[in-house]
Amino acid sequence: MTSTPATPIDQQRKLVTTLPGPKSQELDARKAATVSSGLGVALPAYVARAGGGILVDVDGNHLIDFGSGIAVTTVGNSAPAVVAAVQEQVADFTHTCFMITPYEEYVAVCEQLAELTPGNHEKRSALFNSGAEAVENAVKVARTFTGREAVVAFEHGYHGRTNLTMGLTAKNMPYKHGFGPFAPEIYRAPMAYPLRWPGGPENCAEEAFKAFVYVVHTQVGETNCAAVVIEPIQGEGGFVVPPAGWLRRVAEYCHEYGIVLVADEIQTGFCRTGDWFACDHEDVVPDVITTAKGIAGGLPLAGVTGRADIMDSVHSGGLGGTYGGNPVACAAALGAMRTMREQDLCGRAKEIESIFLNRLEQLRAKYDVIADVRGRGAMLAVELTAGAGDLTPDPTLTGAVNKLCHEQGLVTLTCGTFGNVFRFLPPLSSPDHLLEEGLDIFEDAFARATAA
Ligand SMILES: Cc1ncc(COP(=O)(O)O)c(C=O)c1O
């Protein structure tokens, strides 16, 4: 290898300009002239380098990253094993198309997926470029296997922005608005959302399961249902954690009626929630699992992994795509997965959980507008409402706190059907002192926004 290693990034927050700085502003003017305004930007500080828990912008500001590029850089940006694997692979060959002349890296990723995903049964995988593409293909496979058409998804669910996955996604604005018509044969069941369950959190598991069964029975018909697609912990919809036992009952029901249970672990997968996959917490073994985001340390790669009989039910040539399982992305994934094992990143996610929960619970005790603190591992959230037991969502306060965090060089993300959820997704490579400092900034922003 002839490349020189990059100098390590100082793991300190440092603001040398107001944000965005002048160079970022220049780039943003170029963006306005050339990039579709259909792409929104949360914080227009243009990034030049990143690593550990820091993003360095073109003006030299060091920002604390609490977003991981939406749960992607779980192993950290430019993680050493990912960089080395990519550099080596890119020098060897960049593309052949696996469907034309295959290569080992693709097979090795599928071997890893078979080993790491829940269940000890025989599995097969197919690789794609994005999460949405993986979900689309999981539905294709489920339809072929069952000979059925209908797919059930859940309220608050998010599965992507292609036509089929827009249909599966619940939230209209900004994901679906004006983009219809959507694919047919998609049905939606209520989500087991404890905070907002009409019968109260204590009845959520039981009543939400009954409501799901009711939708399948009355609107779909069990024998017409090809797949149930579910995020074991919802992402964009608000980091909704269903009550214990609910997912297992859904899984058992699917098993009883020959419905393919597709666990969409695109956001929750690969150590993010303190285990390899969020299904592991519930001891649920889905028939098919979709993965992306954290899988490859920032390179575009996605997987569909499932029972061998299901995945092999598709005719030869039925799955694929020009770039799916690109060798550079596969090499990155192998480097990322090695890093997760060697550095015990599931353990690190649990440590991050305790740092955050401790601080966020203290904050909840202080501010009654924090109606809920929830999540697992390094996938945590607070939901902001009117307070004093009134669950009316407060997206205005959420936006105000977010803006104050951004001004201080803390990259935070919001989410939720009502835009009132703060989500925390730091890279698992973040040192403790950055996590604590980011939480100080969040706390300060909260105090200022609620006093205003
Ligand atoms: C649970 C889930 N499914 C699917 C997707 C779509 O993935 P992509 O943006 O890679 O298409 C996302 C993206 O946020 C997601 O969180």
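A residue is called buried when its relative accessible area is under 20%, exposed when that area is over 50%, and partly exposed in between, judged with a 1.4 Å probe and the protein chains only. By that rule Thr339, at 7% relative accessibility, counts as buried. Thr339 belongs to helix H10, residues 327-342, where helices (H or I, at least four residues) and strands (E, at least two) are DSSP runs numbered from the N terminus. The C-alpha atoms of Thr339 and Gly21 are separated by 34 Å, and the two residues are 318 apart along the chain.

The structure is a predicted model, in which local features need pLDDT of at least 70 and side-chain atom pairs count only at pLDDT 80 or more, while totals for chains, interfaces and linings use all residues. Residues are numbered from 1 along each chain as its sequence is written, and side-chain values use heavy atoms, with hydrogens and water left out.

We can now turn to the ligand. A residue is near a molecule if one of its heavy atoms lies within 4 Å of it, and the residues that surround the ligand are Ser130, Gly131, Ala132, Tyr158, His159, Gly160, Glu231, Glu236, Asp264, Ile266, Gln267 and Lys293. Sorted by class, this shell has three nonpolar, five polar and four charged residues; here Ala, Val, Leu, Ile, Met, Phe, Trp, Tyr, Cys and Pro count as nonpolar, Asp, Glu, Lys and Arg as charged, and the others, Gly among them, as polar.

Some of these residues make polar contacts, where a polar contact is a pair of N or O atoms within 3.5 Å; within protein, one must be able to donate a hydrogen and the other to accept it, and residues adjacent in sequence count only if both atoms are side-chain atoms. A polar side-chain atom of Asp264 lies 2.7 Å from a nitrogen atom of the ligand, and a backbone N or O atom of Ala132 lies 2.8 Å from an oxygen atom of the ligand. For Gln267, an N or O atom in the side chain is 2.9 Å from an oxygen atom of the ligand. Taken alone, the ligand exposes 390 Å², of which the protein buries 83%; such areas come from the Shrake-Rupley method with a 1.4 Å probe, and for residues only the protein chains shown count as cover.

The side chain of Gln267 also has a polar contact of 3.3 Å with the side chain of Glu236. Glu236 sits in the loop between strand E7 (225-230) and helix H8 (246-256), and with a relative accessible area of 11% Glu236 is buried. The loop between E7 and H8 also holds Phe239, which is buried at 0% relative accessibility and has a positive phi of about 50 degrees although it is not a glycine. Most residues other than glycine have a negative phi, and most peptide bonds are trans. Against that background, the peptide bond joining Met173 and Pro174 is cis, with omega about 5 degrees, and the bond from Gly180 to Pro181 is cis as well, with omega near 5 degrees.

Another positive phi, of about 75 degrees, belongs to Cys271, which lies in the loop between strand E8 (260-264) and strand E9 (288-291). A disulfide is a pair of cysteine sulfur atoms within 2.5 Å, and by this rule the count is zero.

Finally, consider the strands, two of which pair if DSSP finds at least two bridges between them. Four strands form an open sheet of mixed pairing in the order E1-E2-E3-E14. Strand E1 (47-51) and strand E14 (410-411) stand at the edges, each with a single partner strand, so one side of each is left without a neighbour in the sheet. E1 and strand E2 (residues 54-57) pair in the antiparallel sense over four bridges, with Arg49 opposite Val56 in E2. In the hairpin of E1 and E2 there are two residues between the strands, and Gly52 takes a positive phi near 65 degrees. Elsewhere, strand E16 (residues 421-424) runs antiparallel to strand E15 (residues 413-415), and three bridges join them. From E16, Val421 and Arg423 point one way and Phe422 and Phe424 the other way, and all are buried.
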